[in-house]
Amino acid sequence: MEHRVAILEKSFKKLDGKLDVILNGITGLKEDVSILKVDVSGLKGDVSILKGDVSGLKEGVACMRGKVETLPTVELFAALSQSLGQLSGHVHTLPSAAAFGELKGRVDSLPTTAKLASLLAIAVGVIAIFNKWPKVIDTIFGW
């Protein structure tokens, strides 16, 4: 029996050494787990920040979608192009620069306000003379 007890004691000594190694490993694991806890809590904060950023991006994308939906369509650009073609045709039918120059000369030759006032004064004078013609003749010739 002593022999058996000695074998058992020897086995327990081996087990004690192995248990010490396991306990040291567990202590290292505890330290690693505590470091991981700190890292995970930091990651949780980062994730919450990212959630806020993503919600801001969602709002921005929705805003951009609204703006893109109001942009002109291909059909509208085609209609505008056709309208521009029609306007180009109308522009070619306008008078030339020489014709506008001739018109400018005609406008420049029109009487100015002073000329019109002088002509009006002369016309009023002539009318007054015609209205008073008998007195004018009497005054001049004494009749």
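Thr-73 is located in the loop that links α1 (2–69) to α2 (74–92), where helices (H or I, at least four residues) and strands (E, at least two) are DSSP runs numbered from the N terminus. The structure is a predicted model, in which local features need pLDDT of at least 70, side-chain atom pairs count only at pLDDT 80 or more, and totals for chains, interfaces and linings use all residues. Residues are numbered from 1 along each chain as its sequence is written, and side-chain values use heavy atoms, with hydrogens and water left out.

Between Thr-73 and Ser-34, 39 residues apart in sequence, the C-alpha to C-alpha distance is 59 Å.

The secondary structure of the chain consists of five helices and zero strands, in the order α-α-α-α-α along the sequence. The chain is more spread out than a compact globule, because its radius of gyration is 55 Å, well over the 15 Å that the globule rule gives for 143 residues. This radius is taken over C-alpha atoms, and the globule rule is 2.2 Å times the number of residues to the power 0.38. Along the principal axes, the C-alpha atoms fill a box of roughly 185 × 40 × 25 Å. Of the 143 residues, 1% count as buried. The chain exposes about 13,100 Å², of which carbon and sulfur atoms supply 70%; accessible areas come from the Shrake-Rupley method with a 1.4 Å probe, and for residues only the protein chains shown count as cover.

Several residues of helix α1 were examined individually. Lys-18 is found in this helix and is exposed, at a relative accessible area of 55%. Its C-alpha atom is 15 Å from that of Gly-28, a residue 10 positions away in sequence. Asp-32 also lies in helix α1, and its relative accessibility of 44% places Asp-32 in the partly exposed class.

A nonpolar surface patch is formed by Leu-19, Ile-22, Leu-23, Ile-26 and Leu-29, with about 470 Å² of accessible area together. Leu-23, one of these residues, is placed in helix α1. Patches are made of residues with over 30% relative accessible area and no salt bridge, like charges being joined within 9 Å and nonpolar side chains (Val, Leu, Ile, Met, Phe, Trp, Tyr) within 5 Å. A salt bridge is a side-chain nitrogen of Lys or Arg within 4 Å of a carboxyl oxygen of Asp or Glu.

Val-136 belongs to helix α5 (residues 133–141) and is partly exposed, with a relative accessible area of 25%. Val-136 and Gly-89 are 47 residues apart in sequence, and their C-alpha atoms are 66 Å apart in space.

The chain averages a pLDDT of 82, and 97% of the residues score at least 70; pLDDT is the predictor's confidence in each residue, from 0 to 100. Confidence is highest in helix α4 (residues 113–131), at a mean of 85, and lowest in helix α3 (residues 97–108), at 72. Where pLDDT is low, the predicted coordinates should not be read in detail.

Methods: Buried means under 20% relative accessible area, exposed over 50%, partly exposed in between (1.4 Å probe, protein chains only).
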